[in-house]
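This briefing summarises the fold and selected local features of one protein chain. Please read it alongside the sequence and coordinates shown below.

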Amino acid sequence: MDLRVNGLSHWYGDLEVLHDINLTIPQGEIVCVIGPSGCGKSTLLRLLGGLEEPTQGQVLQVGEPPVGSLNPLTYVFQDFALLPWRSVEDNVSLVLERHGLSKAEKEERIANVLARTRLSDFRHAVPKQLSGGMKQRVAIARALSVNPAVLLMDEPLSALDSQTRELLMDDLIDLWTREQFTSCYITHNLAEAVRLGHKVVVLSRRPGVIREVVDIDIPLAERRMSDPRIAEIQQSLWDMMREEAQTADLELTE
């Protein structure tokens, strides 16, 4: 299933946040969205996921979701959002409880996503026993358990230290290599964007418009920050954003 955005604009009162966004999230690709602070990245993700209605334009789901999909669109947030009194498997099962699945079906889905995210040995652990990286793995496993067509990821690694972030990027690349999932991935981190994105969408300052869509043809599994091609792409993205990022950093928040 593709996710298509046609002529999307959005206001909060008199403040225009996004202007005339036209974008496709193709099936089987990770599309990263970057831009200066306040450009509307997270607002765009909420509109994609139906948490808000756009002031103008539309978001279309084109094609069929995967077989067995319980939620076509599913979020992964930066704050993990795990219930501290529930074990790993019980946190995953939380999103399955309202779908009328049998006990066997739930157990099969949980076992499957824990294996895919390398959490099977930690199914009975509670969040306080887990590192930040493992907590985010649980959040990803929970999202995958509903077999979504598109993962909507809102700066999922920003709360982690740099070493853990690198490990989680490796995990996401390994997962995509095996499963070719579809994702819209919001980040302020250019290194994440060039490591993970098949496409990188660059938004301008508010109101956010698409300045450029950069295709990265290097296979995900071959990308290393030491690769001069990756370093060049990251530098070109920063050159594109630098002036607006500096200006946005000095603006008052609304």
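How many helices and how many strands does the chain have? The chain, which is a predicted model, has seven helices and nine strands. Its radius of gyration is 18 Å, close to the 18 Å that the globule rule gives for 254 residues, so the chain is as compact as a globular protein of that length.

**Overall dimensions, burial and charge**

- Taken along the principal axes, the box filled by the C-alpha atoms is roughly 50 × 40 × 35 Å.
- Buried residues make up 50% of the 254 residues in the chain.
- Of the contacts between residues at least 6 apart in sequence, 73% join residues at least 24 apart.
- The chain presents an accessible surface of about 12,300 Å², and carbon and sulfur atoms account for 48% of this area.
- The side chains include 26 positive and 37 negative ones, and the centres of these two sets are 6 Å apart.

- Strands β1 (residues 2-12) and β2 (residues 15-25) run antiparallel and are joined by seven bridges.
- Within this pairing, L3 has I25 in β2 as its bridge partner.
- Two residues lie between the strands of the hairpin, and G13 adopts a positive phi near 65 degrees there.

- Helix α1 spans residues 41-49, and its buried residues are K41, T43, L44, L45, L47 and L48.

**Backbone geometry in the loops**

- E155 is located in the loop between β6 (150-154) and α5 (162-179).
- Although E155 is a residue other than glycine, its phi is positive, near 45 degrees.
- E155 counts as buried because its relative accessibility is 16%, below the 20% limit for burial.
- Q180 lies in the loop between α5 and β7 (183-186).
- Q180 likewise is not a glycine and has a positive phi, of about 45 degrees.
- The relative accessible area of Q180 is 40%, so Q180 is classed as partly exposed, a class that lies between the limits of 20% and 50%.
- The peptide bond that joins R206 and P207 is cis, with omega of about -5 degrees.
- P207 belongs to the loop between β8 (199-203) and β9 (210-215).

- Which residues are in contact with Y185, leaving aside its neighbours within four places in sequence? They are I30, V31, C32, V33, M153, P156, L157, L172, E192 and L196.
- In the elements already described, M153 falls within the range of β6 (150-154) and L172 within that of α5 (162-179), and both are among the contacts of Y185.
- P156 and L157, also in contact with Y185, fall in the loop between β6 and α5.
- V200 is 15 residues from Y185 in sequence, and their C-alpha atoms are 9.3 Å apart in space.

Technical notes: Residues numbered from 1 in each chain as written. Predicted model: local features only at pLDDT ≥ 70, side-chain atom pairs only at ≥ 80, totals over all residues. Heavy atoms only, no water. Helix = DSSP H or I, 4+ residues; strand = E, 2+ residues; numbered from the N terminus. Rg over C-alpha atoms; globule rule 2.2 N^0.38 Å. Buried < 20%, exposed > 50% of the residue type's maximum accessible area, 1.4 Å probe, protein only. Contact = heavy atoms within 4.5 Å. Areas by Shrake-Rupley, 256 points an atom, 1.4 Å probe, with all protein chains shown as cover. Lys, Arg positive; Asp, Glu negative; His and termini not counted. Charge placed at Lys NZ, Arg CZ, Asp CG, Glu CD. Pairing = 2+ DSSP bridges.
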